[in-house]
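Keep the structure in view while reading.

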Amino acid sequence: MATPYTGDPVLGTNGVISESFAKQFTDLPAELLEHILCFPVLNHIDICNVSCTCKRLHDVCHGRGKVWAHQYKLRWPRLQRFYQQNESYDWLKEFKTRHMVGQQIRRTVESISKRFFTEVVLGDSFAEIESLGAPEHFCEDELLGILNSDKRKCLTLKYYAKKILYFLRQQNILRNLRGFLERPPEQQSALEGAVLVDRCCNPLADITLESISAQIEELTDKVKKYLRVKNATHPSLRASQGDCFVLENLEFERQVICALNAVLYDQLQYKGNERDYYNPLNSYIHQVLLRRTGIPISLSVLYMTLARKLGVPLEPVNFPNHFLLRWCQNQRRSEDIYDYVYIDTFGKGKQLAAKECENLIRHQVGADYYSAISTSELLLRMVGNLLNIGKRGEGNEKSYQLLRDSLDLYLTINPDNVQYLLLQARLYFHLGIWPEKVLDILQHIQALDPSQHGAVGYLVQHTLEHIQHKRHPVEPEVKRRSVPEHRDVLYSVGLIMKHKRSGYNCVIYGWDPKCTMSQEWINTMRVHQLSKGADQPFYNVLVQDGTCRYAAQENLEPHSAPLEIAHPEVGRYFTEFSDTHYIANEELQAHYPEDMCKTHRTVEELYHGLNPNSGQPPEPTANFQDHDLLDP
C-alpha cells in the first residue's frame, strides 16, 4: 500500500513554503543569503518580492548591499565604468532611477514617429530628451540598448533612437569644444581641436582623443626608429612620451623633418587626396590615419603634431586655398617671412621658400598670408572646408546634416559671425525645422548688424507663418488600392524590387498612380522613351546604395531572392524585415492602409507557393522594356 503524501519538506501540501523551512532559510548567515539571492535566475522582480516577505530578508536586500549591486550590474553592464570600485552606492536608488529613465526614453522615442513622420528633416524633436534632466549616461545606455536589440525588428524605434543618440552626443561634444576654447591659447592643442571637430561630425563613431593619441605615438615611434638609424645620439630619441621640449639646433630639426617625410610619405604612403578632394572624410583626423590620405589642413595637423613631439616647433599658416606649415630657419618668432621654410604636407612634405608658395595658387599674396595662426583660427578653416562641402552637396539629408553640423561647429567657435548665423537661419527655415530657434537667431543677427533688417524681416514673417501652420497640420493623403484610379498599381509598399535597367535593389515606400514630377524632371529623365511614358504608376524606392529614387512601374520587378536593403531611412517607414519583405510601420500604413494585405498576398504567391491561377511558379508582372533611360 502506498504511503500517503504528507507534503514536501520545503513546500507544504498546498504548495506554500513551509514555516519551518522559511525559519531555517532566514536563520542562514547574511553573507550566505546574499550569495543565494545573487543567483542569475533571480531578477529584480524576484528580489522585490523576497524583500517584502520579512524584515530579515528586507534587511539583507538593503540598497547598499550586494544583492541590488548584483541586479544593477546584471541588467546594465555597460554602466559599470561610471562607478568607482571602492565607493559605496545606493544600488536600489540607482536601479530605480535607471529604470525610470529607461521608461521615459522609450516613451519619448515611441512617440516621435507619430509626431514627426512627415518632416523632411528632424529638428526640434529631441530637445525634450534633454529636458528630462536625467543622467546623460543613463539616457545613452537606454538608447544603445534599443539599437543593439534584434537586428531585423523594431526598425522604427531604432531609427529614432539613433537620431536622438546623435543629437545628445553632439550637444555634449559642443559643450566640450566650448570648454576647450576657454583655455589659454598655449593649452589648445591642434590635434585635440581636430578630434573634437571629427567627433562632432561623427558622434556615433567610437572616436576618442586617447585612441587618436595612441596612433600618433605609434607613428612617433616609427619616426624615432628611422631617426635612430640615421643618428643614434639624436636628442629627440631621449624624449619620453608626453615630454614638451624644443630642439635648439637647426641640423637636429632638419634630421627630424627628413625622418618624418621618409616615414609618412615613403614608408607609410600618406598622400594628398587629389582624386576625391571634396570628400568630407579628408577632414576627419581618424579617417586620415585610417586611409592615409587627406587635404592640406588635416595632413598639416598630423605632420605638425608629430614634429612638435620630436622637438620641432612648426606653426600653421592660413595660406589661401592651400594650408601650409612654416619652419623657422633663423631667430624664433621672426616677423620676416623670408626667415621661414614653408612645408606643403599635401605635396609630400615639399619645402618652399616664401614666394614659391604663390606657385601653388598661381597668384600673388601679401605678407599677412604667411603669418602663423592660432588653434581656433585653424579650426575655423577646417570647419569652413566642411561647410563648403555641405553647400556643394546634393540637397539630400546627408549633405544637410553635414551643413548643420559644420554650422554648429563654426558658430560655437565664432558665435557672432553674421554671415553664418544668417545661413543657419535660412537653412533651418528651408528645412522647416526649429522655427523658434530661427526667431532667436534672427533676433541675435538684428542686434549684431541692424543693416540686415531686410533679410531678417522676411524670415521672421515667414517663420511666424510656419509656426502657425504647424499648429494646424494638414491631414496626410491616404491612398487606397481599391479606388478605380489606382487599379493599374501592381506593387505595394514593403516589397523588395529590382530595377530592370539599372540593376539596383530597392524597397518600395510609396507610389503614385501617375508620375507627379515636374515636366523638367520628366524631360531630363527621358520618361517619354518609356512605352507608357509618364502615364503609369511610379514608385518611391529606397535603394541599396543609400539613395532615394522615383521609378517607373515597367522598370521594376519583384526581386527573385529578397534581401535586406541597407538604407539609412528604412526605419523611418518600416518596423521589421520579415525575410521576404518589409512590414510598414503604423505611420506608413496610415498613408497606404490597404498595401500590407497586398504585400502579404504577393509574397505568398512569389516566394511561398504557386500562382493560384496557373498552378505554376509566378512570373514577374511587369514587362522589361530596354529603353535608354537614366533612372525611372
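## Salt bridges

In this predicted model, the side chains of Arg78 and Asp141 form a salt bridge, 2.9 Å from N to O. A salt bridge here is a side-chain nitrogen of Lys or Arg within 4 Å of a carboxyl oxygen of Asp or Glu. Arg78 sits in the loop between helix 5 (66–75) and helix 6 (91–116) and Asp141 in helix 8 (residues 136–147), so the pair ties together parts that are 63 residues apart in sequence. Helices (H or I, at least four residues) and strands (E, at least two) are DSSP runs, numbered from the N terminus. Asp141 is buried, with a relative accessible area of 5%, whereas Arg78 is partly exposed at 38%. Buried means under 20% relative accessible area, exposed over 50%, and partly exposed in between (1.4 Å probe, protein chains only).

The structure holds 20 salt bridges. Another of them joins Glu217 and Lys309, with the closest N and O atoms 2.5 Å apart. Glu217 belongs to helix 11 and Lys309 to helix 14, so this pair ties together parts that are 92 residues apart in sequence. Glu217 is buried at 14%, and Lys309 is partly exposed at 25%.

## Helix 10

Helix 10 (residues 190–201) has 12 residues, of which 11 are buried. Among the elements that cover its buried residues are helix 9, helix 11 (209–230) and helix 14 (296–309); covering rests on contacts, meaning heavy atoms within 4.5 Å.

## Nonpolar cores

The largest nonpolar core has 120 residues, and Tyr270, Leu302, Tyr303, Leu314 and Leu378 have the most contacts inside it. Such a core is a set of buried Ala, Val, Leu, Ile, Met, Phe, Trp, Tyr and Cys residues joined through side-chain atoms within 4.5 Å. Helix 9 (residues 155–181) gives the largest share of this core, 12 residues. A second, separate core of 30 residues includes Val489, Val507, Phe577 and Met596.

Beyond four places in sequence, the contacts of Leu314 include Ile257, Tyr303, Trp327 and Ile343.

## Confidence and conventions

The mean pLDDT (the predictor's confidence in each residue, from 0 to 100) is 88, and 90% of residues reach 70 or more. Over residues 1–15 the pLDDT is below 50, and it stays under 50 over residues 610–631.

Residues are numbered from 1 along each chain as its sequence is written, and side-chain values use heavy atoms, leaving out hydrogens and water. Local features need pLDDT of at least 70 and side-chain atom pairs count only at pLDDT 80 or more, while totals for chains, interfaces and linings use all residues.

Terms used. The expected span of a helix is 1.5 Å times one less than its number of residues.
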